[in-house]
Amino acid sequence: MTATSSSVRVAVRVRPLTENEKQHYAIKFIPNNEQQIVLNGDRSFTFDYVYPPAADQNQVYSTCVIPLLNKFLEGYNSTILAYGQTGSGKTYSMGIGLDSVMNSTINEGIVPRFINSLFEGLNANKSPNYSFQVYVSFLELHNEDLVDLLCPSAVKRTGYVSNLTIREDNQGNICWSGVREEVVTSPDELMGYLQKGSIARTTASTDMNNTSSRSHAIFSVILKQQVTISGSADDTTSTDLNNLTRSPSDQTLVSDSSSTPYIKKLTSKFHFVDLAGSERLKRTNAVGDRAKEGISINTGLLALGNVISALGDESRRVSHIPYRDSKLTRLLQDSLGGNSQTLMLACASPSDSNITETLNTLKYANRARNIRNRVVVNQQ
Ligand code: ADP
C-alpha cells in the first residue's frame, strides 16, 4: 500500500453582468494570469483556476472537469461543489437547471457535458474482458430533510427519504441505503434522469417559494467496472486496462489461484453538488420556516467549511474531522478527504453591489485551498 497526495482544486468563476447590474469596478483580473483575482484594489486571492466573465462553459469543463472525469474512470471518487450566493451562476455552471437540461446547446453546463464524455470514455474501453454498469441518484437536502428527486412523489415534496441510512463500510466508503439508484445504459437515459430530477426540483421549488436556492442538490453517478485479467493477480501489466489496476476507490479481486484469470472490480462515485445560496451563511432576522431553513443551511455550509478547514490543517489530519456535524458533510464524507478528487467551484457576481458577498465567497473558497487529500492506493 502506498500513499500519495492530491489536492482539492478550487476554481472561481465570475459570471457576466446581468441587464440590471451596472457597476463592475471592484473585481480585477490580472492579464495573462489565470489564477489571481483582486478585489477592491488590494485584496488579492490565488486559486487553481480563475474564470473571468468571458470564460465559456467549454473552457470551464475542459480545464477543471475533464481531469476529474479521467480520475473517476480510473476508480477515484470525485466531487464538484458549486458554492456562492444565489444568482452567482452555480446552477448555470453545473448545468442542472431546467434551461440547461431541456435545451442542449453549446452553453450546456458541466453535468450534461460530463454525461456525454463519460459514455465516450467507457465505450472506448470496450473489450470482451471489460464490463461496466452506471447508476444514478438525485437528492435534494432541504432543512435536513432529504428528498429523492427520482421518486415520482418528489414533485409534491412527499418523496422524502424517510428510511435513509448512511453507513460506512470497512473500506471507509459511505453507503446510502433507501435512496433510489437507477441503472442507466446510455447518455440519453442518464440525461433523462437529470431532466426528471431537475423538473421535480423546479416544480416543487416554485410551489414552495423558490426553495431551490435554499436547498442543496446532489446528483450522483455511480460507476461499477469489472475487468477479467489473465495471468497472476500480481501481474498488473497483463490487462489492456492498466488504469483500473492502479487507483481504486473500492476494489475487489476474485481469483481461484494466482495463475488463473481473475476479476477486478471497481466502484467509484461522482457527486455534483449545487449548494444552497451562501448568503444564508449569516445572521438573519428571519422567523418561522425561513429561520429554520436559515439554520439548516448555515449548519450545512458551516460544517462543510469546518470539514474543509480541518482537512487542510496538517496538525489535525489524523485526528477529528467533523463530518458528523451535518447531514451534508455526512453524505459527502468519502468524497471530501481520503480517496477522492474534489473541486470547489466558487461562483460570483461581477457587480459592485454584490461585492461583500463576493468577498465572503472568496474567503470561504480560500479555506479549501489548503486541503491535501491523502490518497491511499490499494495494490492488492
Ligand atoms: P445560482 O444557481 O447561483 O442561483 P444561476 O445559475 O441561476 O445562479 O444564475 C443566475 C443567472 O445568471 C441565470 O439567468 C443564468 O443563466 C445567468 N448566468 C450565470 N452564469 C452565467 C454565465 N457564466 N454566462 C451567462 N449567464 C450566466
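Colleague: By class, how many nonpolar, polar and charged residues does the shell around the ligand have?

Modeller: This is a predicted model, in which local features need pLDDT of at least 70 and side-chain atom pairs count only at pLDDT 80 or more, while totals for chains, interfaces and linings use all residues. Residues are numbered from 1 along each chain as its sequence is written. Ala, Val, Leu, Ile, Met, Phe, Trp, Tyr, Cys and Pro count as nonpolar, Asp, Glu, Lys and Arg as charged, and the others, Gly among them, as polar. The shell has three nonpolar, nine polar and two charged residues.

Colleague: Which residues are the closest to the ligand?

Modeller: A residue is near a molecule if its C-beta atom, placed from the backbone, lies within 6 Å of it. Of the 14 residues around the ligand, the closest are Arg15, Gly89, Lys90, Thr91 and Tyr92.

Colleague: Which way do the residues of strand β2 point?

Modeller: In a regular strand the side chains alternate between the two faces of the sheet. Strands are DSSP runs of E, at least two residues, numbered from the N terminus. From β2, Arg9, Ala11 and Arg13 point one way, and Val10, Val12 and Val14 the other. All of these are buried, that is, 20 or more other C-beta atoms, placed from the backbone, lie within 10 Å of their own.

Colleague: Which strands does β2 run parallel to?

Modeller: Two strands pair if DSSP finds at least two bridges between them. Six bridges join β2 to the parallel strand β16 (residues 340-348), where Met344 is the bridge partner of Val10. Three bridges join β2 to β6 (residues 49-51), also parallel, and there Tyr49 stands opposite Ala11.

Key
Buried ≥ 20, exposed ≤ 12 C-beta atoms within 10 Å, placed from the backbone. Helix = DSSP H or I, 4+ residues; strand = E, 2+ residues; numbered from the N terminus.
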